Amino acid sequence: MNLTNSDIVELTAFRHELHRHPETSREEAGTARRVAARLDRIGADEIVTGLGGHGVAAIYNGVDTGPTVLLRAELDGLPIEETGEVPHRSTVPGKSHMCGHDGHTTSLLACALAFSRQRPQRGRVILLFQPAEEDGSGAAAVIADPEFARLQPDYAFSWHNMPGVPLGAAVLRDGPMMCASVGFRAEFTGRTAHASQPETGVSPALPIAGLMQELAALGPGGAMDDDFALVTLTHARVGEPTYGVAPAKGAVQATLRALMPGRIDRLKAEAEAAARAGAEAAALAVDIQWHDDFAATLNDPDATAIMRQSFEACGIPFEELDVPYRASEDFGRFGSTARMAMAFLGAGADSPALHNSDYDFPDDLIATGARMLVHAARQIVG
């Protein structure tokens, strides 16, 4: 894959444009239009829009029949006010690209340049610009879209930038790479009472306090093995900020996290059972809600081996990750449809962390990430 100096200049300018105009999950209409317009300029055999919401896919067909390889990047930003002073800082109050998805998208457009100039020899390459990664809804929406049935990949590859890792170096591993996670919310309803006569009402205060302790005990963390489970309490509310009323309503929220699919299923069942048991014992009504549902990212050994070969061929230094990351990534959902692998490329040892308000994707990774993905795909489709 050869990118010219002009390519790099144009791609960097496009990344900065995306950075100035961030859109959060399920609101990426403008970002999708920019990507589709750029793909139209670059060229593809087919461009699909509106995939799973605002998703965009570019299809490059080979001369002969063969497997389909999907390469993925993300479109969405975050609801974070940018505090950095880069010239291309966000122009949208309260929104920014503090996870680097602007860089991932731009790197995938560099892949489009490569495949527009030299089509695959066989099969197909699909470049997927996925919506709504940050809230865990995008991959499921793409897969559920009827249009996805004809795009069904045999292999799927992606990467994410990672602060703390030397710039341009890579980490990956076979098997579990990132955790499954899901947001849990239990809303309780009882009956108000005068604060001098709390016994005449039904308060959720003590049941919620007990549930918070039970949830924490269900997921204490510990070793990152198949039984790993972590529950993080993120919010609790009881009643209104008054002194004369014993409360009738309250809620508790937590993030449930596990390394393996079966373990997250069990953790969900345990959390729901604890909430319902507490509600029943206190004569409270309870409503259970689930949000931000991420599948575990489990790297297929064959797909991971292809990524390793790409790192070696592209001169990208890499290390095997000993312990999976606790964080979650929506790309894991594609493991239900394809042999998938995800790697991480270093954003620099001293870089601000992801989701920090002063984070900025390093432009040097645009070409590095593209070279790696293109080489991985070429090993399969030529």
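Predicted model: local features only at pLDDT ≥ 70, side-chain atom pairs only at ≥ 80, totals over all residues.
**A helix pair and the sheet beside it**

Let me begin with two helices, α3 and α8, which are oblique to each other, because an angle between 35 and 65 degrees falls into that class, and theirs is about 50 degrees, with the axes 8 Å apart.

Helix α3 covers residues 101-117 and helix α8 covers residues 365-381, and the crossing that the two make is right-handed. Which residues of α3 and α8 meet? On the α3 side they are G103, T106, S107, L108, A110, C111, A114 and F115, and on the α8 side L365, I366, G369, A370, L373, V374, A377 and R378. Sorted by class, this contact of α3 with α8 holds 11 nonpolar, four polar and one charged residues.

Now to the sheet. Helix α3 also lies across β2, β3, β4 and β5, and runs at about 155 degrees to β3. Another helix, α2, residues 29-42, lies across β1, β2 and β4, and its direction is at about 15 degrees to β2.

In what order do the eight strands of the open sheet stand? The order is β1-β2-β4-β3-β5-β17-β6-β16, and the pairing is mixed. At the edges we find β1 and β16, each with a single partner strand, so one side of each has no neighbour in the sheet. On average, and with direction ignored, neighbouring strands of this sheet are turned by 20 degrees against each other.

Is β5 enclosed or open? Eight of its eight residues are buried, so β5 is largely enclosed by the rest of the structure. Both of its faces are covered, with Y155, F157, W159 and N161 buried on one side, and A156, S158, H160 and M162 buried on the other.

As for its partners, β5 runs parallel to β3, residues 64-74, and three bridges join them, with L71 standing opposite F157. With β17, residues 339-346, β5 also pairs in the parallel sense, over eight bridges, and there the bridge partner of M162 is G346 in β17.

Strand β17 pairs with β6 as well, residues 170-172, but in the antiparallel sense and over two bridges, where V171 stands opposite F344 in β17.

Technical notes:
Residues numbered from 1 in each chain as written. Heavy atoms only, no water. Axes fitted to C-alpha atoms, helices over the stretch in contact; angles between N-to-C directions. Helix = DSSP H or I, 4+ residues; strand = E, 2+ residues; numbered from the N terminus. Parallel < 35°, antiparallel > 145°, perpendicular 65-115°, else oblique. Left-handed = near helix turned anticlockwise from the far one by under 90°. Contact = heavy atoms within 4.5 Å. Nonpolar A, V, L, I, M, F, W, Y, C, P; charged D, E, K, R; others polar. Buried < 20%, exposed > 50% of the residue type's maximum accessible area, 1.4 Å probe, protein only. Pairing = 2+ DSSP bridges.
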